[in-house]
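Look at the model below. The report that follows takes its parts in turn.

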Amino acid sequence: MAYVRPVSKTTWYLAKRSYTVHMLQELTSLFVGILALILLWGISAVARGPEVYRGFLDGLAGPGMIVLLWVTTVVMFYHAIAWFSVTPKAMPVQRGEVFVPGSIIAGAHYVIWFVLSLAILLLAGVF
Amino acid sequence: MAKINKALFWSLFAAGGTLTAFVFPALAVIVLFAAYGSPPEIMGFDQMRGLLSNWFVKMVAFGTVALALWHAAHRLRTALHGMGLRADGAVAVVGYGVALIGTLLSAYYLLQI
């Protein structure tokens with residue numbers, strides 16, 4: 001029998017910084033799900049009328065909810081940065097014999113993200 | 001069958017990850033503004049209803065919510081497996097179940113608007 005180095009099934013990602021970062025990036029999906037459910041809550045409130053919608057807005061203002069929304073917002077920025085930084089690896093672009101440098105692919109995504117976010121926030125009247 | 005599922009779930013996961021990376025930070029900021037009692041103009045009931053009455057907006061909203069839910073379900077499933085939780089069947093049923101119910105509910109409510 002070959003020797004197999006024992007590896008913990010539950011804590012292996014704490015052993016090395018890059019593993020921990022990877023696990024944190026995977027866990028951003030929890031907050032993607034939470035924000036999707038909050039948006040669904042808002043959509044259902046719009047469908048059910050002005051009073052329910054008022055209740056939705058009030059619900060967002062609860063003390064626990066504010067904390068959750070702050071954490072969600074910060075995590076969403078981290079999710080975007082992390083996602084676009086690995087996009088060149090997941091989706092390499094080849095032109096002729098050479099691969100387009102990862103920095104160009106990631107950079108293009110960052111630019112689109114910035115312009116799109118600005119457009120959404122402007123349309124929403126945030127500023 | 002298993003192979004088809006894998007490709008299907010992976011493409012939904014990747015599409016959801018990309019779409020949410022592009023729009024969720026901005027949407028989170030808007031919801032945060034609303035939470036502080038200064039909802040942007042667009043978040044008034046009448047404006048919101050008007051916006052969501054548009055068929056194009058309806059489809060974008062549906063696609064965004066549905067893909068985000070599938071992305072979260074799939075990625076959490078693999079993350080929990082990576083963290084040593086071996087109840088993969090149960091995790092998959094709960095995660096994809098929530099995603100499916102959420103997808104159906106978003107279609108139902110959007111059609112009511």
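## Helix α4 of chain A

Just after α4(A), A:Gly125 takes a positive phi of about 80 degrees. Helices here are DSSP runs of H or I, at least four residues long, numbered from the N terminus. This is a predicted model, where local features need pLDDT of at least 70, side-chain atom pairs count only at pLDDT 80 or more, and totals for chains, interfaces and linings use all residues. Residues are numbered from 1 along each chain as its sequence is written, while chains are lettered from A and ligands numbered from 1 in the order in which they are written.

How far apart are the end C-alpha atoms of α4(A)? They are 33 Å apart, which agrees with the 33 Å that its 23 residues should span at 1.5 Å a residue. The expected span is 1.5 Å times one less than the number of residues. In α4(A), A:His109, A:Trp113 and A:Ala124 are buried. Buried means 20 or more other C-beta atoms within 10 Å of the residue's own, with C-beta atoms placed from the backbone.

## Helix α1 of chain A

Helix α1 of chain A covers residues 17–48, 32 residues in all. From first C-alpha to last it reaches 47 Å, close to the 46 Å expected. Just after α1(A), A:Gly49 takes a positive phi of about 115 degrees.

## Where the chains meet

In this model, 47 residues of chain B are in contact with 47 residues of chain A. Contact means that two C-beta atoms, placed from the backbone, lie within 7 Å. On chain B, α1 (2–35), α2 (45–53), α3 (55–82) and α4 (88–112) each supply at least two residues of the touching side. α1(B) gives the most, with 18 residues.

A:Ala36 touches B:Val65, B:Ala68, B:Leu69, B:Ala72 and B:Gly102, not counting residues up to four places away in sequence.

## The nonpolar core

The largest nonpolar core has 50 residues. Such a core is a set of buried Ala, Val, Leu, Ile, Met, Phe, Trp, Tyr and Cys residues joined through C-beta atoms within 7 Å. A:Leu35, A:Ala36, B:Val31 and B:Leu69 have the most contacts inside this core. Its largest share, 13 residues, comes from α1(B).

B:Ala34 lies in helix α1 of chain B. Why does B:Ala34 count as buried? Because 20 other C-beta atoms lie within 10 Å. The C-alpha atoms of B:Ala34 and B:Thr20 are separated by 20 Å.

## Confidence

The model scores ipTM 0.93 and pTM 0.92. Chain B has a mean pLDDT of 91, and 96% of its residues reach 70 or more. pLDDT is the predictor's confidence in each residue, from 0 to 100.

Definitions and conventions. Buried ≥ 20, exposed ≤ 12 C-beta atoms within 10 Å, placed from the backbone.
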